[in-house]
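The sequence and structure are shown below.

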Amino acid sequence: TLQRATALIYQGRLEIEMNQSESALAHLQEALAILQAFPEEKEMKRLVTSSLGDLYFDLCHYDEAYAVYQELYDVCETDVDKSIALNNISLYHCIVGDHLTANSVQKDALKYAYQANDSDMMATSEYHASIEYYQIGEMDSALVHAKRALIANNQKEAEPRYTQNIGEIYLAKREHLDSAMYYLSKETYSNPQDIVISLHRMYEVEKLKGDYQQANFYLEEYTEITDSIYGQERNTEI
């Protein structure tokens, strides 16, 4: 019944939050199976396919995730929801190495994000477009979309991934290394993992510039924080 499907959806989503992946998978799969008999319940199907697709993806079951994301797109009615679904589908194609299809799908995701005038989706879609252009070696296009993502973003906590992306593109282009350092500056980061990535990239930039003393400084900081994170993880496990 619909009541059971609803209960299973919320139970599955709660279990995802509790890191109970196997139980969540079983309950969301059952909910989706029930909803196949109720094609008019598009919003409920959107909820379950969104959660189930993301769970499959997190578990690295990419083909299963792709199939569910296709179902998600079929029940999306708003431009924002269509953009979300297409971003996920595009990411699947990127992971399996089909970059031409990924790029084509990502253009549609961008179109819907801008039609919705949703800043979060505009930033996310521009970021994904940047990553995909990076993957196929089109660094100039990657940089354009990376900067658009940063401009569209209005969430402070999301800023590190956008600035870091720009810095990494400058690093890959092997030009404007001062700009690379500007965007990679760890002062914009609060998450230890972001700081670690930034420090390693700054180490690489300083090596390219020939400033080995400064490069060694960043490498030492990188090593110190990495050891600290590892120690914390070990303590947590114990």
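## Packing of H7 and H9

Helix H7 (residues 119–135) packs against helix H9 (residues 159–173) at an angle of about 20 degrees, and their axes are 11 Å apart. Angles under 35 degrees count as roughly parallel, and H7 and H9 are therefore roughly parallel to each other. Their crossing is left-handed. All of this is read from a predicted model.

On the H7 side, the contact is made by Ala123, Thr124, Tyr127, Ser130, Ile131 and Tyr134. H9 contributes Arg161, Tyr162, Asn165, Glu168, Ile169 and Ala172. By class, the residues of this contact comprise seven nonpolar, three polar and two charged.

## Overall architecture

The protein chain contains twelve helices and zero strands. Its C-alpha trace spans about 65 × 45 × 30 Å along the principal axes.

Of the 238 residues in the protein chain, 42% count as buried. Among contacts between residues at least 6 apart in sequence, 50% join residues at least 24 apart.

## Packing of H1 and H3

The crossing of H1 and H3 is left-handed, as is the crossing of H7 and H9.

The contact involves Leu2, Ala5, Thr6, Ile9, Arg13 and Ile16 of H1, together with Met44, Leu47, Val48, Ser51 and Leu55 of H3. Sorted by class, the contact of H1 with H3 has eight nonpolar, two polar and one charged residues.

Helix H3 covers residues 42–58, and its 17 residues should span 24 Å at 1.5 Å a residue. The end C-alpha atoms of H3 are 24 Å apart, which agrees with that expectation.

The buried residues of H3 are Met44, Lys45, Arg46, Val48, Thr49, Ser51, Leu52, Gly53, Leu55, Tyr56 and Phe57. These buried residues pack against four helices: H1 (2–17), H2 (21–35), H4 (62–74) and H5 (79–95). Among the buried residues are Met44, Val48, Ser51 and Leu55, which also take part in the contact with H1. H3 is followed by Cys60, which has a positive phi near 70 degrees.

## Helix H11

Within H11, the residues Ile195, Val196, Ser198, Leu199, Met202, Tyr203, Val205 and Glu206 are buried. Just after H11, Gly210 takes a positive phi of about 90 degrees.

## Positive phi values in loops

Most residues other than glycine have a negative phi. Asn19 has a positive phi, near 60 degrees, and is a residue other than glycine. Asn19 is placed in the loop between H1 and H2. With a relative accessible area of 66%, Asn19 is exposed, since exposed means over 50%.

His176 is not a glycine either, yet has a positive phi of about 50 degrees. The position of His176 is in the loop between H9 and helix H10 (177–184).

Definitions and conventions:
Residues numbered from 1 in each chain as written. Predicted model: local features only at pLDDT ≥ 70, side-chain atom pairs only at ≥ 80, totals over all residues. Heavy atoms only, no water. Buried < 20%, exposed > 50% of the residue type's maximum accessible area, 1.4 Å probe, protein only. Helix = DSSP H or I, 4+ residues; strand = E, 2+ residues; numbered from the N terminus. Expected span 1.5 Å × (residues − 1). Contact = heavy atoms within 4.5 Å. Axes fitted to C-alpha atoms, helices over the stretch in contact; angles between N-to-C directions. Parallel < 35°, antiparallel > 145°, perpendicular 65-115°, else oblique. Left-handed = near helix turned anticlockwise from the far one by under 90°. Nonpolar A, V, L, I, M, F, W, Y, C, P; charged D, E, K, R; others polar.
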